[in-house]
Amino acid sequence: MAKTLPAVDVAIVGGGWTGAIIGKELAAANQRVVVLERGEARWPSPDFQGPNVHDELKYTRRHALHQNAASETYTFRNNIDQKALPMRRWQFAYPGTHLGGAGNHWSGAYYRFDPTDFNIRSHYTERYGAKIFDADLTSQDWPMSYDELEPYFDRFDYLIGASGQAGNLKGQKQADGNPFEPWRSRPYPNPPMKVPFAPALFGAAAKGLGYHPYVQPSALATRPYVNSEGLHMSACVYCGFCSNFGCEHFAKASPQVCILPVAMKMENFEIRTGAHVLKVELTEDKKRARGVSYVDAAGEEVFQPAEIVVMCAFSINNVRLLLLSGIGKPFDPVTNTGVVGRNYTHQTTSGVNLFFDEATNINPFMGAGAVAVTMDDFSADNFDHGPHGFVGGGYLQIQVVSGAPIGYHPTPKGTPSWGSEWKKQVKRYYNHSASITITGSAQPTRGTYLSLDPTYKDAWGLPLLRITYDFPDNDIRMSAFLTEKGDEIGRAMKGVVRTEPGPRKKPFTATSYQSTHLTGGTAIGDDPNTSVVNRYGQVWDVPNVFVAGASLFPQNSGYNPTGTVGATAYWIVEKIKADYLRSPGPLVT
Amino acid sequence: MMQTNRMGMMVTVGLMIGLPVITLVATGYQMVGLGGEGLIRPTAVTPRAAPVAAPATAAGAAPAIGTAPASPAQGTSPSTSPTATSAAPSAVATAPAAPATAAAAGGTATTAAPAAPAAATQGTAPAALPAPTPVPGRSALDFSPSRPSWEAPLQKADAKMGQQLASAGRPAGGVQACVACHGAQGVAAPGGIFPTLAGLSGEYMAKQLTDYRSGVRNHPLMTAIAKGMTDDEIGQVAKYYASLPAQAVAPKLSGPESARKLDVLGENGRALPACANCHGVQGQGEGPLLPRLAGQPKGYFIDQMNAFRNGQRQNDDVGVMRAFSQRLTPEEIDALGTYYEGMTTAAK
């Protein structure tokens, strides 16, 4: 029999970016807030201080900040005719856990979605005609526009101390920034990052070909900064230990650096770590959440009653919790009905491996998670899609993260994977190699969705989440086009002696890393038949449950998700504060 | 078991003992110091030195951190490019409407939640700190490599000529002999205010002399001396001192507890990273430009921290030391001075 705790106003599932933002804002609005974090507490000091934090084996190979795949994982299949099998270790993506979640171990690449990402169906239809969409694509417009979200993007910029140079201030193009940038109301709070050698070579070559390369915006502070919560950040030192690590310098924006120290000073804000949420408990008519059940750090089952439940778990774990709780109608690809789990997407990534002559020293260890020269000439709808016959796009860049000793051994194709020849090639190319990475949008289809697995269960006896996914032909055509452009730039780069373009091919495999940008499954929308939540993140069927994070995306943009995740979290919580708290009930009827 | 190479062994044993100790301390800190539910509460922030942004924002000088050209908001504010800056004021004036305004518009530091560290630290602020010279930021379209001006002269410098200059100076040019203050072997007299140069890298010293010359680092004696030196002389002297043997670091972790904590753990509540993250384990320095602290006379250390604090010294790249030093109390700076001074076998 579960122990029942005293009721709170707000129970938040997950202590990452969205949980921290929404929790802090609601606590500031005098709500009694409890954030339930399944992982452990992690703070820059003492947990991430050097030299111990620079441990590639622990953090990258053994996934110290990622969900424990031994107790909870996903099953995967390409289509409904296959039987899904569980992933035993993380390869395709790195779902976060512990305080700060993925917002702690992320790289800090920081973009806003393009305005056309929010009205993709209507925009492309208007410009190119409805035929531009393959029949299998279920891409759909967001219920709100970029313009409506801009103030919230701006607010997140100043929370995280974003670095970059404005390319478009309130519609005025800026000479020193990215000419394709969506308009922004204020400059970035901090200047762009310094650029390592390989990205500089990329920038020079891309410029020479007439493209518009620029320094990627990042969430790594480029100088000491006091953020919008009054908290200090320090300057990035380009140590290269960002992706999969916590930052020892208070330079990479994370919930524990940018927001939680303020929230935790509030009497009515509490974080419980080691609190693994099992489900949201509903009233008998299933129209209202009573609170959440979780297993605490001691293994005891606990019921936490709450007036409002906000789902802020890692994106697709939100979907699983809704399915486990019986909230919303599960999507059925056969009948094409239901909504929960619908429009799941990943990110269509590809790359071009570059090998340089021995006079060109790349120094791959000089980098940071988000230090890149990038270009948007083929992002979103910045180019004419007419001749190409696909929707979406992506950015091309060289980003130098780190030449980590275990993970980084670039060798040309055809090199044996062990032995003296392999060693010889690693020695030859370690310091003379780089990759152009291409991060592309992902369109959903009727066959790409999330559901509960009928066979496999987690450590608590609950069904695992099953991912059914393959690339739509649209995205394969896009990847071929973008990768060809990348190869063109690579061949124009100084010192390059060999390029190996690797466009994305079918079938999708869960055994190669393709970003942790897992999106969709609780799509945000205006129509309850094609969305799980309304434009304020409120579940259509259970109005005292809200959902935040990348599971809201009806399809994935070519840009990294965190900027839009942060902006939508502010958008949702401001509506809750302004209207819902005063009169709880459906915010859209 | 192995006693052949004493020096090497001392360092090795030091590391063998030191690193596990750091780990143990970190674990203990986590388990005991903040144990149980308290684990996730941030360290209390007591009133301390002024945060960097406080004076500027209090004076109403900075509409938005880092956006105005002369903005001292960060104490360090590299201005963004003229393009970005010219647009800043108007952008701020109409900053995002309603809900976002409280936190976003106006001086960001002081609009923080009441409990925020920045707001809590006004009490003991040193009298108005002067605004440091902004460090120019790079444009988002500038990928050109840049090399520091002191690099080439240093690379081709002859250490022998540096030695001559160090011992005799060049009185005609106003260049005094280095040895007078920095010791015959680059080890300054204990108890003084002059730094030990043996053990510092050539790059670091060449940069410092160049910075004295340009005025981003200031000292009544050193500024005049550096201004009398040519680029080649700077390279020579730097190369000479870099060739001198560093004092051995004592394999001990003694000294004030508050200083040891700041060195190896930093402090979460004030967003202070461990000093050792950049200055190396036991203050031994790291890379070409992050100076060794072990063995520096306490008087010198305190002077430098104060120079960072009050903006006399502004050559710390983007201002990281200026920011950290302003979040340390005078007592902590004193303790750190004692701690690092005591790290070498030579010092007492």
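Two strands are taken to pair if DSSP finds at least two bridges between them. On that basis, chain A of this predicted model contains an open sheet of 4 strands in the order β5-β4-β20-β19, with mixed pairing. The edge positions belong to β5 (85-86) and β19 (449-457) of chain A; each has a single partner strand, so one side of each is left without a neighbour in the sheet. At one end of this order, β19(A) is joined to strand β20 (residues 463-468) of chain A by 5 bridges, and the two run antiparallel. Within β20(A), A:Pro463 is the residue that stands opposite A:Lys457.

A further open sheet of chain A has 6 strands, ordered β8-β16-β17-β18-β15-β21, and its pairing is antiparallel. Its edge strands are β8 (213-215) and β21 (496-502) of chain A, each of which pairs on one side only. From one strand to the next the twist averages 25 degrees.

Strand β14 (residues 301-311) of chain A brings together several other strands. Strand β1 (residues 3-4) of chain A pairs with β14(A) in the parallel sense over 2 bridges, with A:Lys3 having A:Val302 as its bridge partner. Strand β2 (residues 8-13) of chain A is likewise parallel to β14(A), over 5 bridges, and here A:Ala11 stands opposite A:Val309. β14(A) is also joined to β22(A) by 3 bridges, again running parallel; A:Val310 stands opposite A:Phe546 in this pairing. Strand β13 (residues 289-295) of chain A, by contrast, pairs with β14(A) in the antiparallel sense over 5 bridges, and A:Val295 stands opposite A:Glu301. β13(A) and β14(A) form a hairpin with 5 residues between the strands, in which A:Gly299 takes a positive phi near 90 degrees.

Most residues other than glycine have a negative phi, and most peptide bonds are trans. A:Asn244 has a positive phi, near 80 degrees, although the residue is not glycine; A:Asn244 is located in the loop between β10 (232-233) and α9 (255-258) of chain A. A cis peptide bond links A:Gly50 to A:Pro51, with omega about -5 degrees, and A:Pro51 belongs to the loop between α2 (44-47) and α3 (56-61) of chain A. Another cis peptide bond links A:Lys506 to A:Pro507, with omega about -10 degrees. A:Pro507 is placed in the loop between β21 and β22 (545-547) of chain A.

Turning to chain B, the chain is divided into domain 1 (151-243) and domain 2 (248-348). The C-alpha centres of these two domains of chain B lie 22 Å apart. Their contact draws 19 residues from domain 1 of chain B and 17 residues from domain 2 of chain B. On the side of domain 1 of chain B that touches domain 2 of chain B, 9 residues are nonpolar, 6 polar and 4 charged.

A helix pair in chain B can be described in detail. Helix α7 (residues 159-168) of chain B packs against helix α11 (residues 231-243) of chain B at an angle of about 95 degrees, the axes being 7 Å apart. α7(B) is therefore roughly perpendicular to α11(B). Among the contacting residues are B:Met161, B:Leu165 and B:Ala166 of α7(B) and B:Val237, B:Lys239 and B:Tyr240 of α11(B). The residues of this contact comprise 6 nonpolar, 4 polar and 2 charged.

Among the elements of chain B, α11(B) has the highest mean pLDDT (98), whereas helix α4 (residues 98-104) of chain B has the lowest (32). Over residues 29-135 of chain B, pLDDT stays under 50; the model has 264 contacts beyond four places in sequence for this stretch. The model as a whole scores ipTM 0.93 and pTM 0.86.

How values were computed:
Residues numbered from 1 in each chain as written. Chains lettered and ligands numbered in written order. Predicted model: local features only at pLDDT ≥ 70, side-chain atom pairs only at ≥ 80, totals over all residues. Axes fitted to C-alpha atoms, helices over the stretch in contact; angles between N-to-C directions. Parallel < 35°, antiparallel > 145°, perpendicular 65-115°, else oblique. Contact = placed C-beta atoms within 7 Å. Nonpolar A, V, L, I, M, F, W, Y, C, P; charged D, E, K, R; others polar. pLDDT = per-residue confidence, 0-100. Domains from an automatic or database assignment.
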